[in-house]
Amino acid sequence: MQKIKIGGLAGLSYLSGYFDRDGQEALLEQIRTIVSEAPLFQPVMPKTGKPFSVKMSNCGPLGWVSDINGYRYQPTHPETGKPWPEIPDTLLDLWCEVAPDAPKPEACLINFYETGARMGLHQDRDEQMFEAPVVSVSLGDSATFRVGGLKRKDPTSSFRLLSGDVVVLGGEARLAFHGIDRILKDTSTLLKNGGRINLTLRRVTPAD
Ligand code: SIN
Ligand code: FE2
């Protein structure tokens, strides 16, 4: 595992190859189990109702959802009404390693990208506190990740995220604009039918 610092914002780090192939396969199996209990759903943009190009699910006490009424965290799946499954220990261990001082994560968003899906430049700011970092794991096909500054118009740079890579947006970079420009088809054999999974761990409420 190599920790690389990117750009000018302190607190943005890139842990290349954090999970090796065995680790990725084990994590994928856990995500499959989660998604069999909490199926992927199709989020839509608030107000316009335009569908996202990614499908989503969550695990943890809270899950992030977006529908016609807005973005929010909620304790249950929007379609099944059931509580989200637990966050796997592997991901809690990752959090402890990269965010030792932060209270434990409450939400793990699971994004599934088919080839052609993307995620526009945005900030993660639906949480009630920003002291804890956002920790994200990539599985499957590589993606072009774009990251900028604290203002939408700030200059951005992009780099490739490969299966097993981890990105931490903490400190000054906690509210950095970021997004996914594109998924690079056939760049990984992890997912049988291709595509990419991104797991994003976040603390939502202040520590008790
Ligand atoms: C996100 O910002 O929600 C996802 C980032 C990613 O897919 O790597
Ligand atoms: Fe994000």
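Donors are N, O and S atoms within 2.8 Å of the metal (3.2 Å for Na, K and Ca), and water is not among the atoms, so sites may look incomplete. The model is a predicted one, in which local features need pLDDT of at least 70 and side-chain atom pairs count only at pLDDT 80 or more, while totals for chains, interfaces and linings use all residues. Residues are numbered from 1 along each chain as its sequence is written, chains are lettered from A and ligands numbered from 1 in the order in which they are written, and side-chain values use heavy atoms, with hydrogens and water left out.

**Exercise 1. Determine which residues coordinate the iron ion (ligand 2), and classify the site.**

Step 1: the iron ion (ligand 2) is coordinated by H122 (NE2), D124 (OD) and H178 (NE2), at 2.1 to 2.2 Å.

Step 2: along the sequence, these donor residues follow the spacing H-x1-D-x53-H. D124 sits in the loop between β7 (119-122) and β8 (134-140), whereas H178 belongs to strand β12 (residues 178-183), 54 residues apart; helices (H or I, at least four residues) and strands (E, at least two) are DSSP runs, numbered from the N terminus.

Step 3: the angles among the four donor atoms run from 88 to 177°, and the site is irregular. Four donors count as tetrahedral if all angles lie between 85 and 135 degrees; four count as square planar and six as octahedral if opposite donors are over 155 degrees apart and all others between 65 and 115; anything else is irregular.

**Exercise 2. Find the polar side-chain atoms of H178 and R196 that approach ligand 1.**

Step 1: a polar side-chain atom of H178 lies 2.9 Å from an oxygen atom of ligand 1, and for R196 the corresponding distance is 2.8 Å (a polar contact is a pair of N or O atoms within 3.5 Å; within protein, one must be able to donate a hydrogen and the other to accept it, and residues adjacent in sequence count only if both atoms are side-chain atoms).

Step 2: taken alone, ligand 1 exposes 260 Å², of which the protein buries 96% (Shrake-Rupley method, 1.4 Å probe; for residues, only the protein chains shown count as cover).

**Exercise 3. Trace the salt bridges of R202 with D124 and E127.**

Step 1: the closest N and O atoms of D124 and R202 are 2.9 Å apart, and E127 meets R202 at 3.7 Å (a salt bridge is a side-chain nitrogen of Lys or Arg within 4 Å of a carboxyl oxygen of Asp or Glu).

Step 2: because E127 lies in the loop between β7 and β8 and R202 in strand β13, their pair ties together parts that are 75 residues apart in sequence.

Step 3: E127 is buried at 6% relative accessibility, and R202 is buried at 7% (buried means under 20% relative accessible area, exposed over 50%, partly exposed in between; 1.4 Å probe, protein chains only).
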